[in-house]
Amino acid sequence: MARPKKDGKRARGIQGKSGHLYIVTTQSVIQDGKKKAEKKWISTGLTDIPENIKKASEMRAKLLNKITVSTIDRSITFSGYTDYVINKKKREVTDSTYASYLYRLKRTNEYFGNIKVKDINETMVEEFLDGLFEKYHVQYRTVRDIKVFLGFIMEQAVKDGIITYNPVKEVVINKNLSDKYAKEKDVDEEFFSYEEAQLFLNTIKYHELYELFYLTIFFGLRREEVLGLRWSAIDFINKTMSINHTVTFGTKVNRTNTTKTASSTRVYPLTDEQIEMFKKLKNKERANRKLCGNGYYDSDYIFKHIDGTLFFPDYPSKMFKKLIKKIPELPQKISFHGLRSSCVSILVHQGMDVKSIQKWVGHADIDTTLRIYAKVKDKESKKEISDTMKGIIPLKDYTDQ
């Protein structure tokens with residue numbers, strides 16, 4: 001039997017130990033304000049035999065391409081560390097996602113800002129999450145999102161060697177506080193029924209945003225999609241409309257040739273009436289350009305102000321809220337996004353199957369379509385039962401009293 005090799009160097013940065021090969025790296029770190037070299041042993045999973053040494057060296061080369069010199073002080077405060085982490089993360093995410101990080105960062109920094117990362121423990125995390133309910137009366141989903149964000153920060157601190165254990169991992173959100181501060185939610189008022197959608201459009205048919213609301217309901221568009229409609233997306237010859245450009249708001253207004261998901265990029269057929277509608281909008285744009293002269297802001301976007309300046313992303317939402325208040329017969333809690341769900345509601349009412357509805361509105365996950373489908377069916381069945389019960393169990397006549 002061959003005698004096992006002595007532990008030791010096998011190649012540059014490769015060490016043999018206890019019959020296995022390891023990559024040994026040296027990183028510069030700042031600890032308590034002083035710079036020092038720190039060795040790190042990384043298992044290759046390879047046995048210590050000659051034919052594996054080349055493989056280990058190749059693994060080391062790939063690893064070194066990913067490793068950067070760490071200059072993180074292990075006594076760094078939470079706010080200092082999160083600035084470092086979020087600035088790195090900014091390169092990987094969209095601006096709207098980055099904006100959501102900044103909101104969560106504001107909440108976490110208010111509590112942990114001047115505390116050293118290494119001093120944060122589970123009790124602190126629990127008190128912080130409880131405080132979100134008690135001080136700000138936020139909802140469970142917000143607390144959950146902030147907890148996920150905090151967990152991500154602390155997990156990164158584990159990877160950077162600042163702490164050895166993530167104190168967020170085992171913390172549970174307080175169910176009693178979640179229930180205590182939960183807002184009442186009427187699930188039946190998140191979208192229009194078939195009749196309500198007709199009433200809404202008939203009431204606002206002379207409003208400047210009628211066509212925008214019409215398209216949102218008819219095609220189930222997201223707000224960023226209807227705002228992102230450009231004339232280049234309308235094919236008057238083949239009578240189609242492409243959804244391939246969006247307008248969102250994060251730390252700034254973002255206009256990009258992307259959609260929320262791959263399934264959100266889609267092409268719709270247009271009816272003759274819809275083609276005529278777009279022609280009317282085009283003529284209206286020409287008239288506005290002539291009226292404003294040199295003061296007109298030219299762009300390819302379809303929906304904009306009279307002088308051509310572009311709508312701010314929340315403009316349709318604010319206008320929709322004002323319109324709803326003037327139509328008391330309609331659900332008053334519905335949001336602009338509820339118009340997208342209203343499209344699903346109408347298609348369910350017309351007997352369309354779930355898969356076809358999913359493709360029409362561009363839901364990436366069929367579960368989203370199914371949830372709305374179930375709500376519509378539940379609402380319709382309750383109405384049918386109510387009508388049936390009215391005939392079976394009549395109420396006394398109050399008109400003569």
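Visitor: Which helix gives the largest share of the lining of the largest pocket?

Guide: That is helix 11, with six residues. This is a predicted model, in which local features need pLDDT of at least 70 and side-chain atom pairs count only at pLDDT 80 or more, while totals for chains, interfaces and linings use all residues. Residues are numbered from 1 along each chain as its sequence is written, and side-chain values use heavy atoms, with hydrogens and water left out.

Visitor: What makes a run of residues a helix or a strand here?

Guide: Helices are DSSP runs of H or I with at least four residues and strands are runs of E with at least two, numbered from the N terminus. Helix 11 (315-325), helix 14 (366-392), strand 7 (246-249) and strand 8 (253-256) are among the elements that each supply at least two residues of the pocket lining.

Visitor: Why is one space called a pocket and another a cavity?

Guide: On a 1 Å grid over the protein atoms alone, a cavity is where a 1.4 Å probe fits but cannot get out, whereas a pocket is open, with protein on both sides within 12 Å along at least five of seven lines; lining residues have an atom within 4 Å of a point. The largest pocket has a volume of about 2,100 Å³, and of its 47 lining residues, Arg141, Glu224, Lys260, Ser335 and His337 lie nearest its centre. The largest cavity has about 50 Å³, and the structure holds one cavity of 30 Å³ or more.

Visitor: How do you know which class the lining residues of the largest cavity belong to?

Guide: Ala, Val, Leu, Ile, Met, Phe, Trp, Tyr, Cys and Pro count as nonpolar, Asp, Glu, Lys and Arg as charged, and the others, Gly among them, as polar. Leu227, Val247, Arg255, Tyr301, Phe303, Leu310 and Phe311 line the largest cavity, giving six nonpolar, no polar and one charged.

Visitor: Helix 4 and helix 5 next: what angle do they make, and how far apart are their axes?

Guide: Helix 4 (residues 122-136) and helix 5 (residues 140-159) pack at about 150°, with axes 10 Å apart. Helix 4 is therefore roughly antiparallel to helix 5, a term for angles over 145 degrees. On the helix 4 side of the contact (heavy atoms within 4.5 Å) are Val125, Phe128, Leu129, Leu132 and Phe133, which meet Tyr140, Val143, Ile146, Lys147 and Leu150 of helix 5. Nine of these residues are nonpolar, none is polar and one is charged.

Visitor: How is helix 2 oriented relative to helix 3?

Guide: The axes of helix 2 (residues 78-89) and helix 3 come within 10 Å and cross at roughly 170°. That value makes helix 2 roughly antiparallel to helix 3 as well. The residues of this contact divide into six nonpolar, five polar and two charged.

Visitor: And what do helix 12 and helix 13 bring to their contact?

Guide: Their packing angle is about 150°, with axes 10 Å apart, which means that helix 12 is roughly antiparallel to helix 13. Arg340, Cys343, Val344, Leu347 and Val348 come from helix 12, and Ile357, Trp360 and Val361 from helix 13. By class, that is seven nonpolar, no polar and one charged.

Note on methods: Points joined across faces, edges and corners; volume = space filled by probe spheres on them. Axes fitted to C-alpha atoms, helices over the stretch in contact; angles between N-to-C directions. Parallel < 35°, antiparallel > 145°, perpendicular 65-115°, else oblique.
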